[in-house]
Amino acid sequence: PRTLAEMEPVIEKIAAWEFGQSRDPLYDFSEFLQGVLASPAALREVEGRLLRVLQSNATLPGKDFVCRQLSVIGTAASVPVLSGMLLRPETSDMARYALDGIPGNASANALLAALPKASGKVKIGIINSLGHRRDAKSVPALKALVSSRESGIWEAAAGALAAIGDGPALEALAAARGERSGAERLRVSEAYLRCAEKVAAGSGKTAALKAYRQLVAATEP
């Protein structure tokens, strides 16, 4: 197998890569990565080198490719660099993609810490990531956001609570239903139903049954 030092010319091509150019360097690096997956020490070396690409003036497509690799091999060591990319619109999606793939509290905490500082599409993306990770610690923050009047924010928060699907998330959505009317209430009710399904699949059958009874009331659509 090739060494990381031997891959340096390929990494330099990735750092300069643009959409529309030959994907050969990307394929070359992916093949190299497959060859070192069994070696934790080698992977940490590779991770460190990829992080230096993210901290350089590499192209956005090059950084996007690097983040996709970090979603597979990244550890808590990647979190500080990725956190610094979360709030910038041009790098937020790629940073989230990498963080979504990194298990553990450090990556989840980075997403949660960025949430109050973010706005617009970046904020919606972070909310979606917290839901994707089913991060129970984020329920209080999401509960506050599901009361937002900002279009897109409350829908994303409701969807994330449904994905998390635990007792506190179910309670948050129950409260949110009381704050909405018409089509908005229907959207929250759909999230409430999805959340109840997850709660019922766990140990919360009593709480889920209560939600189901509310949803089949004569006053419900």
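Start by selecting Leu 111, which lies in helix α7 (residues 105-114); helices here are DSSP runs of H or I with at least four residues, strands are E runs of at least two, and both are numbered from the N terminus. Before going on, note that this is a predicted model, in which local features need pLDDT of at least 70, side-chain atom pairs count only at pLDDT 80 or more, and totals for chains, interfaces and linings use all residues. Residues are numbered from 1 along each chain as its sequence is written, and side-chain values use heavy atoms, with hydrogens and water left out.

**Stop 1: around Leu 111.** Is Leu 111 buried or exposed? Leu 111 is buried, because its relative accessible area is 0% (buried means under 20%, exposed over 50%, partly exposed in between, with a 1.4 Å probe and protein chains only). Now show its neighbours: leaving aside residues up to four places away in sequence, Leu 111 touches Leu 86, Arg 96, Leu 99, Asp 100, Ile 126, Ser 129, Leu 130 and Arg 133. Contact here means heavy atoms within 4.5 Å.

**Stop 2: two packed helices.** Select helix α10 (residues 153-164) together with helix α12 (residues 182-201); they pack at an angle of about 15 degrees, with axes 7 Å apart. That angle makes α10 roughly parallel to α12, since angles under 35 degrees count as roughly parallel, over 145 as roughly antiparallel, 65 to 115 as roughly perpendicular and the rest as oblique. The axes are lines fitted to C-alpha atoms over the stretch in contact, and angles run from 0 to 180 degrees between N-to-C directions.

Show the side chains too. On the α10 side, the meeting residues are Trp 154, Glu 155, Ala 158, Gly 159, Leu 161, Ala 162 and Ala 163, while α12 brings Glu 184, Arg 187, Val 188, Ala 191, Arg 194, Cys 195 and Lys 198.

**Stop 3: cysteines.** Stay with Cys 195, which is buried with a relative accessible area of 0%, then jump to Cys 67, also buried, at 1%.

**Last stop: the whole chain.** Zoom out and colour by secondary structure: you will find 13 helices and zero strands. The C-alpha atoms fill a box of roughly 70 × 35 × 30 Å along the principal axes. Of the 221 residues in the chain, 47% are buried.
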